[in-house]
Amino acid sequence: MADVKEFKVVGTRPIRHDGTDKVTGRALYGGDVRMAGMLYGKVLRSPHAHARIKSIHVRKALSLPGVKAVVTGKDLPDAADRIAELGEGAVNLKYLGNNVLADDKVLYKGHAVAAVAAVNAHVAEEALSLIDVKYEILPPVLDVREAMKDDAPLLLPELRTTSLGQKGDKPSNIASHFQFKKGDPEKGFREADLIVEREFFTATVHQGYIETHNATAVWNPDGQLTIWVSTQGAFTVRQQVSELLGIPISKIKVVPMEIGGGFGGKIRVYIEPVAALLSRKTGKPVKIVMTRAEVLEGTGPTPGSYIRVKIGANKEGKITAAEAYLAYEAGAYPGSPVGAGAMCIFAPYDLENAQVDGYDVVVNKPQTSAYRAPGATNAALAETLIDEIAEKLKMDPIDLRLKNAAKEGVRRVDGPVFPRIGCVEVLEATKNHPHYTAPLGGPNRGRGVALGFWFNVGLKSSASASVNADGTVSLVEGSTDIGGSRTTAAMHVAEEMGIAAEDVKPTVGDTDSVGYTDVTGGSRVTFATGWACYEAAQDIKRQLCERAARLWEISSDDVAYEDGACVSKSDPNKRIIFKELAKKLDHTGGPVVGRASVDPQGVGGAFAANIVDVEVDPDTGKTQVLRFTVIQDAGKAIHPSYVEGQMQGGSVQGIGWALNEEYFYDSKGAMRNASLLDYRMPTCLDLPMIDTVIVEVPNPGHPYGVRGVGEVPIVPPAAAVANAIYHATGVRMDRLPMSPGRVLEEILKKKG
Amino acid sequence: MPVVYIPALMRDLTGGAERVEVEGATLRQVVNNLDARFPGAKARLCQEDRIRPGVAVAVDGEITRMGMLQAVRPDSEVHFVPAVSGGC
């Protein structure tokens with residue numbers, strides 16, 4: 001079991017295998033792809049947030065010298081109005097296709113309408129201006145509550161509200177409604193001595209990956225399509241392209257390049273099928289690289305939302321009832337992460353009585369994509385009510401949380417019972433951290449805490465590991481490496497084989513080189529791909545024991561693999577270390593390759609807490625983060641540096657949600673800050689060092705006790721910062737981001 | 001006997017019951033038996049004999065990817081929750 005096992009490699013901090021390539025600039029990203037005869041693609045995007053396409057004329061564009069092809073939505077096979085399982089979730093293929101290239105309507109400014117392939121990017125751009133699109137402009141609806149009104153402009157006339165299999169009888173922008181109910185909330189509120197209720201408004205924000213989307217496609221005359229791409233999942237790109245273009249997956253090879261961030265936003269395809277269509281038309285390789293404005297306006301951000309929360313507690317600090325109403329903007333097509341938000345909102349607490357209602361609503365914004373613990377950061381603003389209850393009851397806010405904390409055996413509001421979790425341990429580590437009691441050291445300063453939960457997922461992973469004659473192992477796995485996962489994968493093999501992490505050489509394979517592997521998402525890679533590597537190592541060990549038995553002319557049942565060597569159980573003098581045995585494989589039966597594919601259960605959910613100190617300028621409303629500590633249960637940290645990196649990265653992104661990041665729309669639905677100069681993400685100049693505390697409550701469902709770590713650190717920061725701002729200023733913010741203007745407005749209101 | 005936790009929006013079919021015991025060794029058997037007892041339940045949960053898109057099934061707290069083939073033990077709990085996709 002994980003908590004008694006002695007590790008030699010797991011828990012250490014080897015230098016990442018791809019480190020040299022990354023720091024010298026030699027690592028190959030999608031932007032580095034160059035091919036003989038390559039053409040450059042550009043995408044024409046809608047200038048309107050909502051319009052009907054009356055006609056598209058491309059003749060002038062095609063006649064421009066250097067232009068080789070133009071495609072529109074008519075070039076996509078008619079996608080069926082059906083749901084396809086794409087590994088990380090279900091997708092309506094008609095909507096997916098219409099998002100790649102619009103059909104008869106554009107539903108947001110930036111919606112792709114047509115694309116051009118030309119001899120260079122400048123000619124392609126000029127050609128875009130020669131495509132004549134006639135639009136019938138329709139009124140847009142940009143706010144979730146406006147979109148829910150009966151008289152709101154309708155985005156998708158065929159859309160009806162579904163409520164667990166029951167379909168509404170009239171058109172609506174509300175795609176779905178669901179509800180969780182546990183116990184008797186009305187009774188719980190009657191039993192409360194104190195009830196707090198607040199509503200929240202959160203802005204649309206983007207994942208902000210530094211590398212923009214890119215894809216290069218070659219469609220050979222033999223029908224074989226190859227795509228080099230920046231993606232979180234090569235196999236899901238293959239499947240989406242297959243479904244959209246109507247060609248078998250066996251005809252498609254997807255090569256995942258190094259990736260400059262994804263955070264959930266590089267799962268759905270955008271330009272990959274377009275580059276493929278242009279390549280088929282021209283017979284040439286076609287490369288498309290998005291600009292930053294295209295990324296912000298044309299790819300999936302995370303939803304804006306409206307949330308209402310009500311919590312009741314008795315004088316002793318026991319929560320007696322809780323209710324939440326969550327309405328999330330799905331963007332142009334259904335599919336916001338409101339379900340996840342609803343399942344997370346009260347997950348940290350043991351509640352007898354609760355109800356949560358969730359609504360998925362389409363609006364004239366880009367279709368939302370997953371973003372790190374999708375839906376949970378919005379929902380975690382409920383943590384500000386916990387802070388308010390603690391204040392009103394004159395209780396320590398962590399003591400209040402501990403009094404109500406979820407633990408093993410507690411039934412969540414959405415139904416399932418928690419297995420062993422680390423909620424209490426995270427809270428205790430938070431309370432015991434020196435930061436929690438350190439002096440604030442000045443006026444206009446405040447300290448906030450908050451707690452967050454994320455499920456994590458398992459899904460499918462594959463790996464193969466070949467033993468080399470020099471006593472090393474070449475490992476091929478299928479997970480795009482975003483946060484150092486190829487090194488953690490290698491560490492699993494090294495741990496099991498009893499060799500150094502540096503003696504395992506990991507490679508991320510393409511779709512023809514490794515077994516099916518789901519996306520790098522859901523905080524799953526170290527858990528599931530690591531598990532596949534663990535199992536591949538077991539496969540190697542079994543084969544090596546057979547080889548040693550052959551060498552010693554004994555039964556393989558008499559051989560065990562221990563501490564990096566095969567040993568005879570009956571004769572301790574018979575022992576051969578891995579490196580020596582590796583030399584003898586040629587003469588004992590040939591190469592040894594370990595293989596594994598897994599689809600593991602036993603995913604352990606994760607909790608994270610924050611302590612944050614801020615100083616708010618009372619004259620400008622600007623909030624400065626002075627100190628930030630993140631405490632998180634990792635189950636077992638395979639490579640602590642990468643766990644800390646995830647904790648820090650998630651925290652910084654959460655602070656961006658809290659203080660800066662926001663899509664500004666004008667009344668026509670145009671984003672007015674589609675550049676990183678105006679869409680303000682925090683930089684290292686804005687923030688202090690993020691301190692990390694890794695708590696290890698082993699996940700009983702994993703051989704080493706691993707829990708996913710990538711997502712939960714983005715859950716509590718916005719609420720923690722809001723609580724800190726309150727304690728600095730006396731104003732409770734109900735709107736994200738808590739930008740200087742908004743904070744100042746609330747300060748001035750309070751002053752009267 | 002496995003216990004099925006009835007989603008709040010489906011309790012109109014079960015007379016308000018939040019959980020019911022239903023025979024079955026696989027999810028398909030459980031859903032079919034649930035439907036026999038509470039007609040219309042399968043149509044709410046399934047589409048073309050598969051769990052509806054957007055709905056996930058948790059058996060004993062674990063989201064299953066086996067769909068209707070998922071094995072269910074006599075002491076299992078079955079929950080129907082919104083499907084969640086990951087992000088990082």
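Start at Arg44(B), which is buried at 7% relative accessibility. This is a predicted model. Asp12(B) partners Arg44(B) in a salt bridge, with the closest N and O atoms 2.8 Å apart. Asp12(B) sits in the loop between strand S1 (3–5) and strand S2 (19–21) of chain B, while Arg44(B) belongs to helix H2 (residues 41–45), so the pair ties together parts that are 32 residues apart in sequence. The aspartate end looks outward: Asp12(B) is exposed, at 51% relative accessibility.

Side chains of opposite charge can pair when their charged atoms come close. Over all chains, the structure holds 48 salt bridges.

Move to chain A. Glu297(A) and Lys109(A) join in a salt bridge, 2.8 Å from N to O. Glu297(A) lies in helix H9 (residues 292–298), and Lys109(A) in the loop between strand S6 (105–106) and strand S7 (112–118), so this contact ties together parts that are 188 residues apart in sequence. Glu297(A) is buried, with a relative accessible area of 13%. Lys109(A) is partly exposed at 23%.

Now take a pair within one helix. Glu580(A) and Lys583(A) form a salt bridge of 3.3 Å, N to O. Both residues lie in helix H18 (residues 578–583) of chain A, 3 residues apart, or about one turn of the helix. Glu580(A) is partly exposed, with a relative accessible area of 33%. Lys583(A) is exposed, at 51%.

Return to the buried arginine of chain B, Arg44(B), at 7% relative accessibility. Beyond such pairs, salt bridges with shared partners link Arg16(A), Asp18(A), Lys22(A), Glu258(A), Asp481(A) and Arg486(A) into one network.

Note on methods. Residues are numbered from 1 along each chain as its sequence is written. Chains are lettered from A and ligands numbered from 1 in the order in which they are written. This is a predicted model: local features need pLDDT of at least 70, side-chain atom pairs count only at pLDDT 80 or more; totals for chains, interfaces and linings use all residues. Side-chain values use heavy atoms; hydrogens and water are left out. A salt bridge is a side-chain nitrogen of Lys or Arg within 4 Å of a carboxyl oxygen of Asp or Glu. Helices (H or I, at least four residues) and strands (E, at least two) are DSSP runs, numbered from the N terminus. Buried means under 20% relative accessible area, exposed over 50%, partly exposed in between (1.4 Å probe, protein chains only).
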